[in-house]
Amino acid sequence: MDLSSINPVLLLASLMVAATPILIAALGELVVERSGVLNLGVEGMMITGAICGFAVAVETGSPFWGFVAAAAGGALLSLLFALLTQFALANQVASGLALTLFGLGLSSLLGQGYVGVKPPHTAKLDIPILGDIPFLGPVVFSHDLMVYFGLALVAAIWAMLKYTRIGLVLRAVGENHDAAHALGYKVVRVRVMAILFGGACAGLGGAYISLIRVPQWTEGMTAGAGWIALALVVFASWKAGRVMLGAYLFGGVTVLQLNLQAAGVSIPVEYLSMSPYLITILVLVIMSADRSRAPASLGRIFHATQ
Amino acid sequence: MKLTKFLASAALTVGLATSAMAQDKTKVGFIYVGPVGDGGWTYEHNQGRLAVEEHFGDKVETVFQESVPEGADAERAITQMALQGADLIFTTSFGYMEPTLSVAGKFPKVKFEHATGYKTAPNVSTYSARFYEGRAVQGHIAGRMTKSNIIGYIASFPIPEVIRGINSAYIHAKKANPDVQFKIIWAYTWFDPAKEADAATALIEQGADVILQHTDSTAPQAAAEKAEGVITFGQASDMAEYAPAPRVSSIIDNWAPYYIARTQAVMDGSWQSVMTWDGISAGMVKIGEISDAVPADVKAEALALKDAIAAGTNHPFTGPLKKQDGSDWLAAGETADDGTLAGMNFYVEGIEGDIPN
């Protein structure tokens, strides 16, 4: 065993890279579910965002436009879900699963010409003075912008849900859509907006994998990250701060266990391998021992005349 | 799309069959563990499927289902394919072994071919390639090329096929460079680009400047490209899009001739249950072009090793070799028998760490 071969600065950097895609996707889904909609299509929207972002970044040479396109692609796909569930009043579970299958297929079609292509490099933030602080500098101040975007999104969503009027309306719609409707809130409009936001976030998360974490396009490359994000929202009992904790725990333990394996630590590999799931679930379940629960209207179909 | 496409094509074939044609077509099914666009393992199996279509034209019809999880769900997918009227089904991952046997028991008239397994039945054959021969060539290049003397190895599941590859690469890396050390990560997945990239990054951060992979995607190549001065090898497929560096060579699985021969056997009615295990000499394992990033003398040595293996004059597992625990395995000049290789569950002497159970 040689723990000295693990460089803590590099480890923390990879931890953030591993956590960011599921963090952003899970935050989007959190908003969707708080509005009372269960969208199981996260995986499909992520992979669609991954290829949209990748293709546009390659064509324009700009990762920025890649991420913009990823958000647009994810949102566009989620619009399909919104049409199905909010206007055609289709079953949300079935529609979400269909969205995942559709997204996987669509992305492999779109990605035909992009296998083996190298995406443009995404610059890391380089803050002159702060970045030079020993240890703290490289750990805290020298990542790509999306890492900070993910963290800012946590704060923004938390504040939005807790302190703003929009947040209150969103929660009202999610808790009791009939009451919200009786109060004059546009239930369907609020939910469509939430679904689009969730789609955009999932798209960004997917593009983070294809543009920064791997970086390449491979069919099916999200490989279940969307499902992890979905599970995370539930285990985090629909709270933004806990989603962040969960995502960083999951990403962190995943990267840490790979590093421990490479360093030859004498813990059986089976335990190391299951540790990300185990530890994340354990911590979040213990934390949710308070009385937090799912939004009351989650997954229920709303129709104004009923 | 896969499922929907699959169902649509299923519905279509049912329609065709009832409208009284396509009776004499031989239907060949394929079960894949990853997407056909993984750029590695599944991609090459799919190339084999396309070769079957091209070779037989109208006489054959192929169907496939991709990203089928290993385990219980595989049984459902294989059953469905048999119910659709497939005459021959290739199940292309180790984890399909039990599901294949179980379905084969229920469909005695359908022929099954299971890749990389070791259990047969009257209507189940197994086939695999001697990837370890290619690993020996990779190990030699790796040992000669490493500057840090640390070689990273991304392993998938602790099954004999993977362990054989690690041992073979290690033996030949060690021969080329006695100071070499292997760092092994078990990813517990065949296909998860993000995790594969993370594993490659972890190995590189810990000093590895050569990455060998036994997972299916090209993600470790991309991760190595991001870091500089790291070399990799294409796995299962050439992965030429990452040449000349980081990818300096590759092991290519060439399934097409086998798939064509077995389909022909079903057509002729001469199909029998066999265990096929071919290597470089039979052309089932190919070594991808060694790029210019490799010095000429190393390239020449690697090619000589390849030729010797193909000619049968150099077996990659030739004694004296000891097991990891120090006990004797092969005496000087002795070569490993296929039985031991097929069930290999130990590291050779010098590799650190334990094999997960």
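1. Helices here are DSSP runs of H or I with at least four residues, strands are runs of E with at least two, and both are numbered from the N terminus. The model is predicted, so local features need pLDDT of at least 70 and side-chain atom pairs count only at pLDDT 80 or more, while totals for chains, interfaces and linings use all residues. Residues are numbered from 1 along each chain as its sequence is written, and chains are lettered from A and ligands numbered from 1 in the order in which they are written.

2. Helix α2 of chain A (residues 42-60) is followed by G61(A), whose phi is positive, near 75 degrees. The helix has 19 residues and reaches 26 Å from its first C-alpha to its last, close to the expected 27 Å (1.5 Å times one less than the number of residues). Of its 19 residues, 16 are buried, so that α2(A) is mostly covered. A residue is buried if 20 or more other C-beta atoms lie within 10 Å of its own, exposed if 12 or fewer, and partly exposed in between, with C-beta atoms placed from the backbone.

3. α2(A) packs on α9(A) at an angle of about 55 degrees, the axes being 6 Å apart. Axes are lines fitted to C-alpha atoms, for helices over the stretch in contact, and angles run from 0 to 180 degrees between N-to-C directions. The pair is therefore oblique; angles under 35 degrees count as roughly parallel, over 145 as roughly antiparallel, 65 to 115 as roughly perpendicular and the rest as oblique. The crossing is right-handed, that is, the near helix is turned clockwise from the far one by less than a right angle, anticlockwise being left-handed.

4. Residues of α2(A) that meet α9(A) include M45(A), G49(A), G53(A) and F54(A), and on the α9(A) side G199(A), G203(A) and G206(A) are among them. Contact is defined as C-beta atoms, placed from the backbone, within 7 Å. The residues of this contact divide into 14 nonpolar, 8 polar and no charged. Ala, Val, Leu, Ile, Met, Phe, Trp, Tyr, Cys and Pro count as nonpolar, Asp, Glu, Lys and Arg as charged, and the others, Gly among them, as polar.

5. Between the chains, 37 residues of chain A are in contact with 37 residues of chain B. On the chain A side, α11(A) gives the largest share, 7 residues. That side divides into 20 nonpolar, 14 polar and 3 charged residues.

6. α11(A) (residues 240-263) packs with α7(B) (residues 193-205) at about 50 degrees, with axes 9 Å apart. These two helices are therefore oblique as well, and their crossing is right-handed. T254(A), V255(A), L258(A), N259(A) and A262(A) face D198(B), A199(B), A202(B) and L203(B) in the contact, which divides into 6 nonpolar, 2 polar and 1 charged.

7. In chain B, helix α2 (residues 41-56) has 16 residues and spans 23 Å, close to the expected 22 Å. Its buried residues include W41(B), Y43(B), E44(B) and R49(B). The buried residues pack against β1, β2, β10 and α9 of chain B. Just after α2(B), G57(B) takes a positive phi of about 60 degrees.

8. Y132(B) lies in α5(B) and counts as buried because it has 28 C-beta neighbours inside 10 Å. Apart from neighbours within four places in sequence, Y132(B) contacts R164(B), G165(B), S168(B) and P316(B).

Notes: Two residues are in contact if their C-beta atoms, placed from the backbone, lie within 7 Å.
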